[in-house]
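The structure comes up next, and then we talk.

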Amino acid sequence: MNLNLTCAIARSTHLLGDKWSLLILRDMLLHKKSRFKEFIESKEKIATNILTNRIKNLIDADLITLLDINSTKKSRRYIVTDKGMLTLPIIMELYMFSINDIAESNLNEQQLHIKQQILSNRELFESTKRIDYLAFKKGLLSDIREKQLV
């Protein structure tokens with residue numbers, strides 16, 4: 001990573017400027033995905049080599065972390081770091097920027113429900129998602145601690 005960037009916007013776009021990184025963070029924060037297989041199953045159909053690269057970049061940028069370094073490749077789970085949690089408002093702004101340009105006929109039932117929630121009370125939606133993700137993360141961390149004690 002180029003640490004010589006002196007402009008905050010340039011640094012942010014360097015870290016988050018590709019769509020895949022933001023979509024991985026979206027899947028983690030809004031849909032509680034944590035496994036490689038779950039990211040692959042997203043409707044945007046990211047290629048495995050690109051996903052591997054973006055996960056590495058997100059880890060290097062301290063936006064996500066590997067939950068259990070002793071896990072097998074199949075059981076690896078990733079969680080959003082405190083720094084990564086700061087991307088939720090960015091993801092929400094990007095959503096707000098274009099949601100009204102997408103025909104509702106192109107949205108599935110879940111997407112329509114999310115759109116309705118966000119447009120009716122964005123602050124509540126964002127707050128709820130943050131609280132839900134932190135509870136999800138706490139549960140994953142608790143599971144890891146229990147396994148280590150056994």
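This is a predicted model: local features need pLDDT of at least 70, side-chain atom pairs count only at pLDDT 80 or more; totals for chains, interfaces and linings use all residues.

Q: Which residues lie nearest the centre of the largest pocket, and how many line it?

A: Residues are numbered from 1 along each chain as its sequence is written, and side-chain values use heavy atoms, with hydrogens and water left out. The general idea: rolling a probe the size of a water molecule over the atoms shows where empty space is left. On a 1 Å grid over the protein atoms alone, a pocket is an open set of points with protein on both sides within 12 Å along at least five of seven lines, a cavity is a set where a 1.4 Å probe fits but cannot get out, and lining residues have an atom within 4 Å of a point. Here, 26 residues line the largest pocket, and Arg26, Lys43, Glu44, Tyr95 and Gln111 lie nearest its centre. Two or more lining residues come from each of helix 2 (19–31), helix 6 (88–98) and helix 7 (109–120). Helices (H or I, at least four residues) are DSSP runs, numbered from the N terminus.

Q: What is the volume of the largest pocket, and which helix gives the most to its lining?

A: A volume is the space filled by probe spheres set on the points, with grid points joined across faces, edges and corners. For the largest pocket, that comes to about 670 Å³. Helix 2 gives the most to the lining, seven residues. The lining splits into 13 nonpolar, six polar and seven charged residues. In this scheme Ala, Val, Leu, Ile, Met, Phe, Trp, Tyr, Cys and Pro are nonpolar, Asp, Glu, Lys and Arg are charged, and the others, Gly among them, are polar.

Q: What about the second largest pocket: which residues line it?

A: Its lining is made of Arg35, Phe36, Lys37, Thr52, Ile55, Lys56, Lys73, Lys74, Arg76 and Tyr78. By class, that is three nonpolar, one polar and six charged. The volume is about 220 Å³, and helix 4 gives the most to the lining, with three residues.

Q: How many cavities of 30 Å³ or more does the structure hold?

A: One. The largest cavity has a volume of about 70 Å³. Its lining consists of Trp20, Leu23, Ile24, Arg26, Asp27, Phe39, Ser42, Glu44, Lys45, Ile46 and Leu51. Helix 2 supplies the largest share, five residues. Six of the lining residues are nonpolar, one is polar and four are charged.

Q: Now packing. At what angle do the axes of helix 2 and helix 4 cross?

A: Two packed helices are described by the angle between their axes and the distance between the axes. Axes are lines fitted to C-alpha atoms, for helices over the stretch in contact, and angles run from 0 to 180 degrees between N-to-C directions. The axes of helix 2 and helix 4 come within 10 Å and cross at roughly 75°, so the two helices are roughly perpendicular to each other (65 to 115 degrees; under 35 is roughly parallel, over 145 roughly antiparallel, the rest oblique). In contact terms (heavy atoms within 4.5 Å), Trp20, Ser21, Ile24 and Leu25 in helix 2 meet Ile50, Leu51, Arg54 and Leu58 in helix 4. Six of these residues are nonpolar, one is polar and one is charged.

Q: And which residues make the contact between helix 2 and helix 6?

A: The axes of helix 2 and helix 6 come within 10 Å and cross at roughly 105°, so this pair is also roughly perpendicular. Leu22, Leu25, Arg26, Leu29 and Leu30 of helix 2 touch Leu88, Ile91 and Leu94 of helix 6. That contact has seven nonpolar residues, no polar and one charged.
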